[in-house]
Amino acid sequence: SPSCLSLSPRCPPTPPPALHTCQGLASCLPEEGQVNTSGPRLLLTTLHPGSVSSTAMDRIFSALLLSLLLLLQSYGVCGAPPQPKGTLCRTKPTDLVFIIDSSRSVRPHEFEKVKVFMSQVIEGLDVGPNSTRVGVINYASAVKNEFSLKTYQTKAALLQAVRRIEPLSTGTMTGLAIQFAISRAFSDSEGARVRSPNFNKVAIVVTDGRPQDGVQDVSARARAAGIEIFAIGVGRVDMHTLRQIASQPLDDHVDYVESYSVIEKLTHKFQEAFCVVSDLCATGDHDCEQLCVSSPGAYKCACKEGFTLNSDGKTCSACNGGLGSALDLVFLIDGSKSVRPENFELVKKFINQIVDSLEVSDKQAQVGLVQYSSSVRQEFPLGQFKNKKDIKAAVKKMSYMEKGTMTGQALKYLIDSSFSIINGARPGVPKVGIVFTDGRSQDYITDAAKKAKDLGFRMFAVGVGNAVEDELREIASEPVAEHYFYTADFRTISKIGKKLQMKICVEEDPCECKSIVKFQTKVEELINSLQQ
């Protein structure tokens with residue numbers, strides 16, 4: 001239908017039956033007068049490649065590595081953490097104001113991308129006079145109040161109003177726009193509510209250039225007035241300006257994207273920022289080893305078929321006498337220049353945390369590590385190190401390569417060398433590869449990605465930032481939804497690991513999965529500690 005605004009084409013219209021289902025975002029615009037409640041927030045959004053916290057890095061890799069050995073119970077194709085059936089994201093009452101740069105450097109088709117981003121964020125909110133109210137400030141050399149917090153009280157009306165916004169196409173007076181937000185947009189006369197612990201005031205600023213006026217003092221006044229500011233920067237934006245604008249901690253409030261074509265990937269971050277879920281299973285605030293069953297304000301633990309709940313009411317046991325499962329695991333790590341040294345150190349730290357969770361021996365898990373950039377370098381092959389201490393020491397010594405991103409060449413190396421007998425691979429033992437990248441490959445990946453899967457290797461792909469999702473899907477094994485992860489920001493994948501349910505043993509003799517049960521327990525404990 002021409003009136004249907006597709007906000008998330010990857011989400012299936014009807015999620016497959018499972019314990020958790022993906023809440024799709026695509027929907028036709030409802031008629032004027034339909035009410036969805038939501039709360040006000042002011043978001044100033046700025047994207048920055050270095051805006052990744054160590055905790056966020058730990059969480060994304062915790063989710064990835066847990067899923068490496070444990071198939072997802074149900075992970076939505078749209079990339080959002082699965083939610084229990086019947087659980088809607090409820091947002092705390094918020095006054096939310098978008099502050100959108102439409103200066104001449106923002107081309108018309110790029111401005112349309114910003115409008116889609118705003119629409120997607122609004123789509124995930126509870127909109128209403130007693131919930132979330134939304135306003136939009138459009139600025140260039142002058143400031144235009146597109147609509148205030150009191151103008152529209154339904155989600156349908158808001159979405160239609162966003163579609164009508166046109167760019168101004170002159171200068172970049174960001175400070176003036178923020179001052180307008182303080183004096184007008186967040187005023188009582190424009191529909192803002194009195195400052196209270198029960199209400200959030202949030203501003204999202206999206207800009208792609210250096211402002212022609214000052215932002216530091218006016219942003220400080222906005223924050224002092226209780227406005228939480230998110231700053232999103234695009235392209236050649238001045239990152240120092242974004243940090244002057246945003247609230248603390250900057251890791252949570254400053255974002256960067258390379259171009260407007262990928263700004264939509266930030267949608268889920270802001271939907272999560274507004275979401276308050278009372279379901280303890282959905283939030284991961286539980287310590288169940290396998291399954292969590294919700295009840296109002298409480299939960300109970302359960303186990304998969306073939307396992308029994310232990311007396312502690314949390315953990316599960318398989319039958320006795322299992323021999324455990326052997327595994328050849330190789331990490332294929334992007335060491336290109338765009339990763340940045342500080343993030344590369346976080347990758348190394350996480351690898352060692354996972355090594356601590358594995359049963360490393362000649363008969364169980366073996367670990368190999370390959371780094372790539374413009375060339376490929378084997379850090380150490382499978383079986384070279386027989387214990388965790390030696391593996392961790394080798395990981396710590398790994399130096400950062402920098403330079404380019406030859407993912408295709410790295411995949412070919414994985415096939416030809418890493419999983420060869422001469423490099424320690426064991427015949428008949430499952431082969432698992434984890435490919436991590438943060439950008440577009442500079443070479444051809446199709447043939448090598450297909451061959452790896454044809455040879456029976458289980459391939460997991462995780463992309464961050466400017467990684468190309470089509471390439472990640474091409475690398476990932478089937479079903480792709482269980483082997484592929486993407487996040488524009490490391491924080492947006494932080495909840496996935498907590499919601500993973502063990503599935504790999506369901507169709508096998510559970511006695512053969514004892515080591516995997518142990519692995520799951522250890523990694524879930526790690527994720528819980530990181531979350532705390």
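Student: Why is strand E10 (residues 228–234) largely enclosed by the rest of the structure?
Tutor: Because six of the seven residues of E10 are buried, buried meaning under 20% relative accessible area, exposed over 50% and partly exposed in between (1.4 Å probe, protein chains only). Strands here (E, at least two residues) and helices (H or I, at least four) are DSSP runs, numbered from the N terminus. Mind that this is a predicted model: local features need pLDDT of at least 70, side-chain atom pairs count only at pLDDT 80 or more, while totals for chains, interfaces and linings use all residues. Residues are numbered from 1 along each chain as its sequence is written, and side-chain values use heavy atoms, leaving out hydrogens and water.

Student: How many bridges join E9 to E10?
Tutor: Six, with E9 (residues 200–207) running parallel to E10; strands pair if DSSP finds at least two bridges between them. Ala-203 stands opposite Ile-229 in E10.

Student: And E11?
Tutor: Four bridges join E10 to E11 (residues 254–257), also in parallel. Gly-233 has Tyr-256 in E11 as its bridge partner.

Student: Switching to rings: how many aromatic pairs are there?
Tutor: Six, counting Phe, Tyr and Trp (its six-membered ring) with centres within 6.5 Å; planes under 30 degrees apart are stacked, over 60 edge-to-face, the rest tilted. Phe-117 and Phe-270 are edge-to-face because their planes sit at 75°, with centres 5.9 Å apart. That pair links helix H2 (residues 108–123) to helix H8 (residues 267–274), 153 residues apart.

Student: Is Phe-270 buried or exposed?
Tutor: Buried, at 0% relative accessible area.
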